Amino acid sequence: MPSATPLPPSLAEPLAAIDMGSNSFRLEIGRLQHGRYRRIDYLKDMVRLGGGLDAQGMLTEEAIERGLGCLRRFADRLQGFDSARVRAVATQTLREARNRNAFLERAQAALGHPIEVVSGREEARLIYAGVAHLQPSDEPRLVVDIGGRSTEMILGRGRLPGTAESFQVGCVSLSMRYFPDGVITADGFRAAQVAAGAELEEGLQPFAPRHWRSVLGASGTAGAVAQILAAAGVTDGRITADGLRWCIARCIELGHVDRLQFPGLKAERRAVLPGGLAILYTLLANFRIPEMVAAKGALRQGVIVDLHERIAALHHTRPDDMRDRSVEELQQRFSVDREQAARVRSVALALLDQALPEADTDTRRELGWACDLHEMGLMVSHHDHHRHSAYLVDHVDAPGFSQSQQRRLGQMVLGQRGGLRKLDSVLDSPVFAAQVLCLRLAVIKCHARGPVDAHALNLRLQGRDAHLGYSAAWAETHPRTLYLLDEEAAAWARSGAMRLTHG
């Protein structure tokens, strides 16, 4: 029975991106038509989530409440948007926070849509996508985005990103550490620049001047400094070393963030300006950047561009977006047996279509990717290869995937064989339990690594009861598979997550 998946959204409908940064949360609603981007609405709230990380790496309740309040306001604006047209991404602060899962559970309830934590390199890729679409150019460029707790650097040409890296230094973290209580001193600037330089130093060769002809600064810090320099008549808006020295000297003269009354500087950005200036000056000095120009695009536009491409892919017979290309590259890199992966995929998806005919597109695609990568750990060792596979899926750089999605795939891959107690914390989700069951049954069905009939088995799921049916003729010719199915039923019985019968 084919899966009754809902049709993807129309490509003409507006899309929404939520950027949950360390300094501010932003909601952008926009549309891509004929390759051109048009903003429909934009909301911003200076949440300072990054400033709410305590010494133990835990988000304070005060910071959490600021974030939840902002997300509730965003939810009001997103009334009428289904989740297929909304993508929310969280960055460095939630990559660091030890209590991020507890926060995400509350945050998703407040927003009414899923929230993904993206890796630093995936954040960099999305930043470049936003800049490339709003400010197209065929020359090799370096794009820099100074966020609250991280700085992303990306080389690219046209719409294609190349080398990308994320460094754990940002305007919020640096300002808090070297300008405590808002006091600005020359010593503070010197120490902040040394700290920034130490973090950025490993990027000196990959992002050396020979790799680019121009430099763009994306997002808040670069834009704010460009406005200050232009409003003061120091430059025409270009960020230069001389301009930054003037700005830093003026900050030291004023002595405190509360007295930073620069023309063009918004009040909410004063507290993080010193840290941002220290990073900018370090970048221009160490990477020999003669000038930086504020970019038009940023992460939030890149998220919309990426979401548009995903939806466009779903309008084709066989979906193909950045994630599909990442999976293919990983299969090649880790010498995955693609024929076996394809066999497992065909059986698993056939079972899922029978068990959950209303499964959404993401549920099916995630199961398919887990099948594609379930044996990548064989490159490490044949012993416990499912554990190696799960670790690799969870931690490898995979453009297009969020950390959250990679973690789900890793858990699915971990569950392909062996006991199920290792998945106790996630099998309470009926959909995830069904995905794991379909993967495990497909691995059993394909254990001989030869041709298979993907439709020889029939899976019915009702609540926590699953029944696998097959013909008597098939059973008579597959005694080893029947033995493995008995073992599988016993494994589910021990876990208590589901009752599996077959016959």
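User: What makes R300 and E28 count as buried or exposed in this model?
Analyst: The model is a predicted one. Both R300 and E28 are buried, a label that requires under 20% relative accessible area.

User: Why is the contact between the side chains of R300 and E28 called a salt bridge?
Analyst: The N to O distance between the two side chains is 2.8 Å. The cut-off is a Lys or Arg nitrogen within 4 Å of a carboxyl oxygen of Asp or Glu, so the pair qualifies. R300 lies in helix α10 and E28 in strand β2, 272 residues apart, and the pair links distant parts of the chain. As background, side chains of opposite charge can pair when their charged atoms come close.

User: How many salt bridges does the structure hold, and which residues are linked in a network of them?
Analyst: There are 36 salt bridges in the structure. A network of them links R87, E116, E122, R125, D306 and R310.

User: How do you know whether E65 and R106 are bridged, and where do they lie?
Analyst: The closest N and O atoms of E65 and R106 are 3.0 Å apart, and the limit is 4 Å, so this is a salt bridge. E65 is in helix α1 and R106 in helix α3, 41 residues apart.

User: What makes E65 and R106 partly exposed?
Analyst: The label covers the range between under 20% and over 50%. E65 has 36% relative accessibility, so it is partly exposed. R106 has 34% and is therefore partly exposed too.

User: What does the salt bridge of E366 and R408 tie together?
Analyst: The side chains of E366 and R408 meet at 2.8 Å, N to O. E366 belongs to helix α13 (residues 361–373) and R408 to helix α15 (residues 403–414), so parts 42 residues apart in sequence are tied together.

User: Which residues of α13 make the contact with α16, and how do the two helices pack?
Analyst: The axes of α13 and α16 are 10 Å apart, at an angle of about 35°. The crossing is right-handed. T363, E366, L367 and C371 of α13 make the contact with V431, Q435, C438 and L439 of α16.

User: How do you know on which side of α14 the buried residues lie?
Analyst: The buried residues in helix α14 are H385, H386, S389, A390, L392 and V393. Their arc around the axis is only 165°, so they are on the same side of α14. Helices α13 and α15 are among what covers them.

User: What makes β3 and β5 edge strands?
Analyst: Five strands form an open sheet with mixed pairing, in the order β3-β2-β1-β4-β5. β3 and β5 have a single partner strand each, so one side of each has no neighbour in the sheet. From one strand to the next, the twist averages 25°.

User: How do you know that β2 and β3 pair?
Analyst: Nine bridges join β2 to β3, and a pair needs at least two, so these strands pair. They run antiparallel, and F25 stands opposite D45 in β3.

User: What lies between β11 and β12?
Analyst: The two strands form a hairpin with two residues between them, and G463 in the turn has a positive phi of about 65°. Five bridges join β11 to β12, which run antiparallel. L459 stands opposite L468 in β12.

Definitions and conventions: Residues numbered from 1 in each chain as written. Predicted model: local features only at pLDDT ≥ 70, side-chain atom pairs only at ≥ 80, totals over all residues. Heavy atoms only, no water. Helix = DSSP H or I, 4+ residues; strand = E, 2+ residues; numbered from the N terminus. Buried < 20%, exposed > 50% of the residue type's maximum accessible area, 1.4 Å probe, protein only. Axes fitted to C-alpha atoms, helices over the stretch in contact; angles between N-to-C directions. Arc of directions from axis to C-beta. Contact = heavy atoms within 4.5 Å. Left-handed = near helix turned anticlockwise from the far one by under 90°.
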